[in-house]
Amino acid sequence: MKKSGDKTEKFISLNRILTLVVIIAYIAFLLLLLWMDTILVINYRKGRKAEERQQVSGYADMLDEHLGKIEELLYDIYVYNEDFQNLNGTQTDIEEFSSVYEVNYIMQNKIALYHWINGYMLNYHTGEKWRYYFESSSAGLDCIDEMKAFVREQIQNGDDLGRSIVCFGERVYCFLFCSKENVSVCGVYDLSKSIESFAGNLESGGKVFFATDSQIYGTEDGSNGGLAQELFVQTGSLADSFERKMGANEYFGKRVGGTELWVIYKRPVTIFTFMNVIHMLLFLLTFSTLIIAWFAYRYMKKNILLPLQGLAVTMNEVSRGNWDSVYDHGSRLEEIQRVDEAFNVMVSEIKKQKILSYEQIIEKQKAQMQYLQLQLKPHFYLNGLKTLNMLAMEGDTEKTQNLIMHLSYHLRYLLQVNRMLVPLTAEIDYTKNYGNIQSEMYGRGIVINWDIRGDVGSVPVPTLCIQTFVENSFKYAMPGDGGNSLKITVKIYELETQDGKFIDITVRDNGAGYPLPILEDINAESKEESVSVGINNLKRRCLFLYGGREEYNFYNSDGAVSELVLPCDRG
């Protein structure tokens, strides 16, 4: 977001634009492909259903034709054949044999010549004698006794002409018969054989069977009247076809002529009902475009978007002063490669100029740091020399040597002007040495207690960061009533925060505390002209080193309390 006066300009993410463009374009393309595939599937579905209905209708018409021809044959015999008429009367055995022979001869020839009749049965001599014949490929002879019983029952019912569907074993037959008083002739049509021949021409894997309004024949459902009623529900008595979907199957029915016989086509509804292999491949190709679109998006993102985002991130890093950032896009595009090279060259040239400028600033700051560290207090060393002179005059060689060693260690530590940071242990040793000097110079009862928690000895800290606060305790803390010793407690421990690790240094004494003007001065921002030179000196050095991440806290609580919180890393 870029602000100019009261106006705010909003920038749009290239990643968002590229993602939206790819998604919208792909969705439009995918919808177009799906629409085309759906149209193909719908047309295929309609064409296949129309073809199957036409096949079933053609089969029903063929059955109607075959049954009609059988009825014509039987009617001709029933009405015009003298031998059949003679069998109805009284004949001698020879006459009866001759008549039966003639009728049998006619029926055998018809069965041998035409495939629309599979067998016949002749019943004569008042139902006591039979003559029948079936083509060799028919299974009628396997159930001849059941057929005789069925025909005899029809004759006893008094039907002169009739057509019946009956199932013997696993075979379905259509019986067409003509009957007079003492003789009847019955034509047999093997529906199962006809179905087997017709079903072999179907490509859908469906099944064909027969039904009347109350029974179903030739299917695994058996003679199921309930299924028949459910199939024919809402189908008018004059209707010649119907179409139903029940469960996982579709049914198409076609009436055979004007009879009660129906041809039922049952087709399972599967994926192959709606599409073929080509359609499946088209849908697979359609959805494979998801993978193609994904890789296309990934390619554009890798070679265009991410390099541009990397350039933006690198520029932000450079703007923050991180001149070691290198723009490495990883793109194969020539234009991005040229931008990469030009940007890196530009950053390198600017870095050279900045290094020259930084070196000048660093030298200036280094000189200032050295000046701050070398602001020694002459009266401290003058008092040290006076103490040495007094000890020499008294002839106390041991105390003199100890004080000289402590003062030399003190000066050596201060004169290490090139060391802005020292290990915490070094600062602790230096402060302990400073306490020994104070005890030997002034002879005051001094107790310094150290409370150090954690493994913090190697943490780098600014020089004099502890000694400065201890020195203020010597300066402002007065011994308590009754000549009590000056007690100083130094507490050091590590802090874990969301911003990282910090080290907390607290110096507390049992004296009178900071005078109010001094307390107000050291809690204010550091400045060159300050009453508290030592603390102001330390605060300015910490500002150089930590850039404002350090924290201070000065207050009085049964004595002076000085707290300094420093980051364990310089950021």
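Predicted model: local features only at pLDDT ≥ 70, side-chain atom pairs only at ≥ 80, totals over all residues.
Residues are numbered from 1 along each chain as its sequence is written, and side-chain values use heavy atoms, without hydrogens and water. Local features need pLDDT of at least 70 and side-chain atom pairs count only at pLDDT 80 or more, while totals for chains, interfaces and linings use all residues.

**Exercise 1. Cysteines**

Solution. Start with the cut-off: a disulfide is a pair of cysteine sulfur atoms within 2.5 Å. Next take Cys143: the nearest cysteine sulfur belongs to Cys167 and is 9.2 Å away. For Cys186, the closest cysteine sulfur is in Cys174 at 8.7 Å, too far for a bond. Finally, check burial (buried is under 20% relative accessible area, exposed over 50%, partly exposed in between, with a 1.4 Å probe and protein chains only). Cys143 is buried at 8%, and Cys186 is buried at 1%.

**Exercise 2. Two helices**

Describe how helix H11 and helix H12 cross.

Solution. Helices here are DSSP runs (H or I, at least four residues) and strands are runs of E (at least two), numbered from the N terminus. The axes are lines fitted to C-alpha atoms over the stretch in contact, with angles from 0 to 180 degrees between N-to-C directions. For H11 (residues 397-414) and H12 (residues 424-442), the axes come within 9 Å and cross at roughly 140 degrees. Now classify the angle: under 35 degrees is roughly parallel, over 145 roughly antiparallel, 65 to 115 roughly perpendicular, and the rest oblique. H11 and H12 are therefore oblique to each other.

**Exercise 3. A serine in a helix**

Which residues is Ser57 in contact with, leaving aside its neighbours within four places in sequence?

Solution. First place the residue: Ser57 lies in helix H1 (residues 14-80). Then apply the contact rule, heavy atoms within 4.5 Å. With those neighbours left aside, the contacts of Ser57 are Phe252 and Lys254. Ser57 also counts as buried, at 18% relative accessibility.
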